[in-house]
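Biologist: Walk me through reading a model like this one. I will ask about one feature at a time.

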Amino acid sequence: MTALYASHNQHLYTAAGIRTLADIADLSRGGPRLETLSSSDNAIIFWFNTADHLSGRTQQPRINRRATELLLATTRFTGGDVPLLRGDIVITGRNSHGKLADLTDSQIHQLVNTKTRWRDDRQLSRRLDRDHRKRRRQARKAHPANIFDSAPF
């Protein structure tokens, strides 16, 4: 099966050889908490991991802006209410019977060349900035600098 892989590095890759949900879980590092969102026409499925930790990390992975923009472009969400997708995302197709299917060439072309509206892009950028500041504050709170532990000069 042909799918798109939206990596955490914000690039899109084609993924071939996906046969089962376990393959999707492995690619998205999903494990037991693999979830989905569908496009407005239910022809495209976004597979993602909702676990609080990934690969032994205690923090959530960074937001995958590219995958979030694709979800925004294929649904009726706005930049203010689209779910912020994190980590690695697998995008597959769905056939008329609701089963997992290949992405067609036209679907891949549509996804790769999609653009968000300027208002949605601005709202999404503000939300991403807010999330980034929140995560920075949480990191500082979890690991405050202790001047008494530093080496003497």
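Biologist: Is Thr114 buried or exposed?

Modeller: Relative accessible area decides that: buried is under 20%, exposed is over 50%, and partly exposed lies in between, with a 1.4 Å probe and protein chains only. Thr114 has 16% relative accessibility, so it counts as buried. Keep in mind that the model is predicted: local features need pLDDT of at least 70, side-chain atom pairs count only at pLDDT 80 or more, and totals for chains, interfaces and linings use all residues. Residues are numbered from 1 along each chain as its sequence is written, and side-chain values use heavy atoms, without hydrogens or water.

Biologist: Where does Thr114 lie, and what is it in contact with?

Modeller: Helices are DSSP runs of H or I with at least four residues, strands are runs of E with at least two, and both are numbered from the N terminus. Thr114 lies in the loop between α3 (105–112) and α4. A contact means heavy atoms within 4.5 Å. Setting aside neighbours within four places in sequence, Thr114 touches Arg66, Leu70 and Ala73.

Biologist: Arg66 and Leu70 bring me to helix α2. Which residues of α2 are buried?

Modeller: They are Arg66, Ala67, Thr68, Glu69, Leu70, Leu71, Leu72 and Thr74. Helix α2 spans residues 65–74, and eight of its ten residues are buried, so the rest of the structure largely encloses it.

Biologist: Take one of them, Thr68. What surrounds Thr68?

Modeller: Thr68 sits in helix α2. Its relative accessible area is 0%, so it is buried. Leaving aside neighbours within four places in sequence, its contacts are Ile63, Val82, Pro83, Leu84, Leu85 and Leu124. Val82 is 14 residues away along the chain, yet the two C-alpha atoms are separated by 7.4 Å.

Biologist: How do I read the packing of two helices?

Modeller: Use the angle between their axes and the distance between the axes. Axes are lines fitted to C-alpha atoms, for helices over the stretch in contact, and angles run from 0 to 180 degrees between N-to-C directions. Here, α2 and helix α4 (residues 118–142) have axes that come within 12 Å and cross at roughly 140°. That makes α2 oblique to α4. Under 35 degrees would be roughly parallel, over 145 roughly antiparallel, and 65 to 115 roughly perpendicular; the rest is oblique.

Biologist: Which residues make that contact?

Modeller: From α2, they are Arg65, Thr68, Glu69 and Leu72. From α4, they are Asp120, Asp121, Leu124, Ser125 and Leu128. They divide into three nonpolar, two polar and four charged. Ala, Val, Leu, Ile, Met, Phe, Trp, Tyr, Cys and Pro count as nonpolar, Asp, Glu, Lys and Arg as charged, and the others, Gly among them, as polar.

Biologist: On to backbone angles. What is the phi of Gln10, and what is that of Asn42?

Modeller: Gln10 has a positive phi of about 75°, although it is not a glycine. Asn42, also not a glycine, has a positive phi near 60°. Gln10 lies in the loop between β1 (3–6) and β2 (12–15). Asn42 lies in the loop between β3 (34–38) and β4 (44–49). Gln10 is partly exposed at 28% relative accessible area, and Asn42 is partly exposed at 42%.

Biologist: Now the whole chain. How many helices and strands does it have?

Modeller: Four helices and six strands. From the N terminus, the order is β-β-α-β-β-α-β-β-α-α. Of the 153 residues, 36% count as buried. Among contacts with a separation of 6 or more, 60% join residues 24 or more positions apart.
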